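Q: I would like to learn how to read this model. Can we go through it feature by feature?

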Amino acid sequence: MTIVVSCSIQEEWCSFTQERLKKMGVQSPVAAPRSGLTPLELTRRMRQVAGLSDEAVGLVSPHQLGKAWQIAAADLIIANSENDFWGWSDKLNISLLDFWKDFEPNSRFLLIYGSPADFVASTSRNTNGLTESIEPSLKHWEDYHTEMLNFYQQNSDVSMLVNIHNFEGTARNLNALFKDRLRLTSPRLNKAENLSTSSLLTVIAERFLYESSSQLELYSELENSADLSAQESNHTPRHLSEKAVIEFAGNRETLESKRIEFEEMQSKLEALDRELIEKDTIIASSRQDTQTQESESSVLLKRQLDQTRDELHYYYRKYQELKLAGPADTRESYAPHRTDIGADNANADGTTTIDLRSYVNGTGWHHAEEIGRWAGASLSSTVKIPALEKGKYRLTVRVVDAMAVDILYGTTLTFNGAPLKGAVTILSEMGGRLAPLRRLKARLNSIEKPFPATVSAIIQPAFVHSDKGNLVSIESPRAIRPESLGEVDDRELSSCIQSVMVQRLD
């Protein structure tokens with residue numbers, strides 16, 4: 001029975017070594033039956049008892065360990081005694097080389113080393129950083145391989161010092177060494193395997209190590225002492241440079257492929273973003289349309305309710321008037337049924353007055369109040385007027401209040417769709433010769449409440465309908481919600497109109 005105890009500074013190299021040894025006929029060990037410990041677990045426990053951390057390189061002698069650990073080691077050897085060749089590879093074995101040499105004479109030691117550039121490249125590849133920990137890494141490499149070389153020089157008869165690259169390819173030279181030193185006839189390895197390393201990083205690391213004389217001297221001594229050096233594995237500087245160039249070209253090709261793939265993904269993402277924006281716009285538009293339809297339906301229903309209430313109020317007031325007048329007046333009033341409801345006063349002189357404090361035939365109004373009726377349900381409020389004789393008329397709108405003075409001055413009039421040139425007269429009830437001057441002074445002082453006021457305009461004969469009703473439109477520049485001013489009224493209001501009068505001028 002021969003035990004092959006292997007060690008190498010990198011876990012990655014140890015795993016690669018173990019797999020190659022298994023294919024060459026060195027069996028992997030089983031755990032000890034009584035303790036249940038594998039060689040790896042036993043190694044770590046022994047180091048802990050000896051007071052060594054995972055990164056410590058110091059040696060552990062059998063005298064530092066008690067009988068219990070020697071029994072555990074013996075239990076492990078007995079469990080694997082049926083195998084002619086068995087062993088394991090672990091970087092922590094460096095501390096227990098003396099223990100196994102003294103404890104088991106059939107132990108043989110496979111000491112696997114790599115260049116400091118190989119170690120730095122492998123470490124940086126696994127930790128994604130090359131320069132951050134290079135100095136501690138080099139110090140650790142130097143300490144580890146100093147212990148390895150010292151043990152080899154003192155125990156060269158039972159040890160083999162091999163460069164890690166000799167395990168690559170078909171490991172032909174390693175096969176010959178095992179046959180000579182271990183009397184192990186290994187099966188021929190037809191399948192070539194290589195370490196997962198970066199030649200490019202190794203070349204770069206060599207530039208960092210150009211002035212690291214102590215590490216380079218130690219590596220040179222390892223190469224000169226080794227049973228199988230890097231040169232024997234054909235891992236020469238020229239070969240490494242060729243592999244680095246090939247790797248660089250492959251990386252550049254991969255990066256270009258990734259760049260193209262990234263640009264394609266970016267184009268797809270931009271297209272998806274545009275599609276998402278379009279769908280969001282459609283959804284927002286649909287919601288707005290729905291809200292608008294609901295709002296319009298609510299406004300229309302409110303208008304219908306207001307108009308119905310106003311009509312009921314109007315007919316109730318007329319009923320009370322007729323009831324007080326007596327039977328004769330009642331018959332006379334009901335005889336000619338009026339179709340021009342809202343024309344409260346149509347005089348013989350051609351003057352028609354619409355009192356908005358009662359029912360009004362029009363749109364865009366709120367319910368009637370004591371002083372008048374507020375516009376603002378929409379920015380365009382209309383009043384229907386009966387047919388008029390052809391002629392020239394003056395349209396006068398009496399405004400008794402407004403949410404803001406600029407709304408009064410911004411009010412415009414149209415008659416049957418034709419815009420009229422309106423004039424605003426503030427404090428319209430003010431009389432006397434000084435009234436115009438007083439109005440001018442009030443306007444210059446921007447008084448807050450210049451009411452009552454009138455908005456008047458001339459209607460040309462061409463705009464007048466004599467065969468059908470006429471439509472007056474009062475356009476407000478804006479509406480204000482009293483609620484926004486701290487009041488408890490959520491309506492949209494512009495101006496409060498008391499009456500609309502159309503007076504013939506010729």
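Q: Is Asn416 buried, partly exposed or exposed?
A: First, the ground rules. This is a predicted model, where local features need pLDDT of at least 70, side-chain atom pairs count only at pLDDT 80 or more, and totals for chains, interfaces and linings use all residues. Residues are numbered from 1 along each chain as its sequence is written, and side-chain values use heavy atoms, leaving out hydrogens and water. Buried means under 20% relative accessible area, exposed over 50%, partly exposed in between (1.4 Å probe, protein chains only). Asn416 has 23%, so it is partly exposed. Its phi is near 55 degrees, a positive value in a residue other than glycine.

Q: What is the burial class of Leu427?
A: Leu427 is buried, at 16% relative accessible area. Leu427 also has a positive phi, about 50 degrees, although it is not a glycine.

Q: How are two packed helices described?
A: By the angle between their axes and the distance between the axes. Axes are lines fitted to C-alpha atoms, for helices over the stretch in contact, and angles run from 0 to 180 degrees between N-to-C directions. Helices are DSSP runs (H or I, at least four residues), numbered from the N terminus. Here helix 6 (residues 134-154) packs on helix 9 (residues 213-225) at about 30 degrees, with axes 10 Å apart. That makes the pair roughly parallel, a label for angles under 35 degrees.

Q: Which residues of helix 6 and helix 9 make the contact?
A: Contact means heavy atoms within 4.5 Å. Helix 6 supplies residues including Leu138, Trp141 and Leu149. Helix 9 supplies residues including Leu218, Tyr219 and Leu222.

Conventions: Helices (H or I, at least four residues) and strands (E, at least two) are DSSP runs, numbered from the N terminus. Angles under 35 degrees count as roughly parallel, over 145 as roughly antiparallel, 65 to 115 as roughly perpendicular and the rest as oblique.
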